[in-house]
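Please consult the sequence and the structure shown here while reading.

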Amino acid sequence: MNTNQFGTVTERLDRNHYETDVEQSHITVDQAAARAADAGPLLVRICPAHVYSIQADGTIGVMAAACLECGACLAVAPPGVLSWRYPRSGMGITYREG
Amino acid sequence: MNAENQSPDVDFDVIVVGAGVAGCVTAYQLAVKGHSVLLAERGPKPGSKNLSGGVFYCSVMKEVMPEFEAEAPIERRVTRNCLSFLSPTSFVNLDYRDERLAQNGTAVTVLRAKLDDWLATKCEDVGVTLMPGIKVDGLLKDADRIVGIKAGDDTLRSHVVVAADGVNSFLCRDAGIRATEPTNHLAVGVKSVIRLPREVIEERFNLNGDEGAAYAVVGDCTNGVGGGGFLYTNIDSISIGVVLRLDDLVERGESSSDLHDRFLSNPAIAPFLKGGELLEYGSHLVAEGGRAMVHDLTRPGLVVVGDAAGLTLNTGLTLRGMDLAAGSGIVAAKTIDTALQQGDFSQASLDAYTAELDATFVGQDMRTYAKAPDFFLNPRMYGDYGRLLSDVLYGVYNLDMKPRRHLLPMVMAALKESPVKAMQLARDAYAAVRAL
């Protein structure tokens, strides 16, 4: 993996401002559909915020709090794998530069 | 709000969803004409969900707000445009600087969190009701007519809804205007904003005062994935990143964040950023389908503007979205104003928007560049041509005591080494002339 002078993705995301929705995730994965379509590796590399990860048991982990709300994962996910909406009112990323 | 103009059966004459450039321009123009307008924005502040590469070809804003150039939070006026070919070992630039660009102020760099917040304030000044922090969940329908919006348990009614909700437009999906877009119509932009002292930026990019530089980079910056890199100077920061076509990104097995990092650490790019501090890391989808991506723009009671309408253009030299957004907002407001005066919100009435938009610079440019997306599918753009160019220039500048050859035989020799065939070069050049 490449790194640059500005640190890892996680370190960079730490500089962003988020209103984290602790009650509900705006992203859910249908694990059975994801397994059938082998969608894990695709979601992992498409997402610039590293929201998705492959867990030890082979399921897809979702760190919705890091989401940059671009919608790239929804655009490439095989049908039925992903339920993705914008976070609830006032929640999620708050760009201060944009 | 002009309560006296409000019909009793609606909460607002018009509800605009999304306080980006398209939404703000539409709302502003309608409020100026005396209509009651709600501008609903899901971010806690206008602009807080928005992200652009950063160049706004803003001449169109003079039609909306004459004070735009003087008052808007503009970062820099773009006076230097660079088209760059990047390889792992070379950086070839077409560097165009022109003082006339500074005088006209046609292209400026912007940061959307600042720009959109300002635009929304201007909207409030002319009577628009701004409601930030409201996520609109869907459309309120009465048979085939759209009569308002749903947000949580609340509903709000209006004569017309304007979908200005961006490239992912869930309102367009709800209205049946678009389903899943083909991935070759979409790209993901991954961007960092890097803080640097303004004197350092002016020195590093050879700029005076509020002048700015814009780089469009192709070649190795995406490791062969369709798309490119960009670098724009702000007052005291740099917006830099990559735009990656989704179909190619999926196919080539690359990671979007790795390609972003790879670009920033390229030895030709890293020195621009040296000593800088990361302010923000963001991403956004880009509509890259050009005209093929522009679907229906109306339904009874609904008008679609800006990114939601697929109005973006990649011409190779310029990346445009915000000017097309503003242009569509102007035409949408005009059509809706007429519809409100006549009390006719049918498809036929609102279709005047599509026809009129087609006649403006927005529709004309979408037509002019209709072949551009196909041209950019050509993989030779993202590797072979950059290498070819640097091989030719290497032959020119690397005086290694071997006898020189004229330029043409040198080009032919470089071409022979390159996977590009002379016929392909000729064909691609012809395609470029036709498409761009």
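Is B:Lys49 buried or exposed? In this predicted model, B:Lys49 is buried, its relative accessible area being 8%.

**B:Lys49 and its partners**

- B:Lys49 is placed in the loop between strand S2 (37–41) and strand S3 (55–57) of chain B.
- A salt bridge joins the side chains of B:Lys49 and A:Glu69, with an N to O distance of 3.0 Å.
- A polar atom of the B:Lys49 side chain also lies 2.6 Å from the backbone oxygen of A:Met91.
- In chain A, B:Lys49 touches A:Glu69, A:Met91, A:Gly92, A:Ile93 and A:Tyr95.
- In chain B, leaving aside residues up to four places away in sequence, B:Lys49 touches B:Glu41, B:Arg42 and B:Gly43.

**The interface of chain B and chain A**

- Chain B contributes 56 residues to the contact, and chain A contributes 40 residues.
- About 4,100 Å² is buried between the two chains, and carbon and sulfur atoms give 52% of this area.
- Of the area that chain B buries against chain A, 17% is supplied by B:Phe170, B:Glu280 and B:Tyr281, more than by any other three residues.
- Five salt bridges are counted between chain B and chain A.
- Polar contact across this interface involves 33 residue pairs, with both residues at pLDDT 80 or more.
- Elements of chain B that give two or more residues to the side touching chain A include helix H5 (112–125), helix H6 (170–174), strand S11 (186–195) and strand S15 (277–287).
- S15(B) provides nine residues, the largest share of that side.
- By residue class, the side of chain B that touches chain A divides into 21 nonpolar, 19 polar and 16 charged residues.

**Cysteines**

- How many disulfides does the structure hold over all chains? The number is zero.
- A disulfide is a covalent bond between the sulfur atoms of two cysteines.
- A:Cys47 counts as buried, at 9% relative accessibility.
- B:Cys221 is likewise in no disulfide, since the nearest cysteine sulfur, that of B:Cys82, is 14 Å away.
- B:Cys221 is buried, with a relative accessible area of 1%.

Note on methods: Residues numbered from 1 in each chain as written. Chains lettered and ligands numbered in written order. Predicted model: local features only at pLDDT ≥ 70, side-chain atom pairs only at ≥ 80, totals over all residues. Heavy atoms only, no water. Contact = heavy atoms within 4.5 Å. Buried area = accessible area lost by both parts, 1.4 Å probe. Salt bridge = Lys/Arg side-chain N within 4 Å of Asp/Glu carboxyl O. Polar contact = N/O pair within 3.5 Å; in protein donor to acceptor, adjacent residues only side chain to side chain. Helix = DSSP H or I, 4+ residues; strand = E, 2+ residues; numbered from the N terminus. Nonpolar A, V, L, I, M, F, W, Y, C, P; charged D, E, K, R; others polar. Buried < 20%, exposed > 50% of the residue type's maximum accessible area, 1.4 Å probe, protein only. Disulfide = S-S within 2.5 Å.
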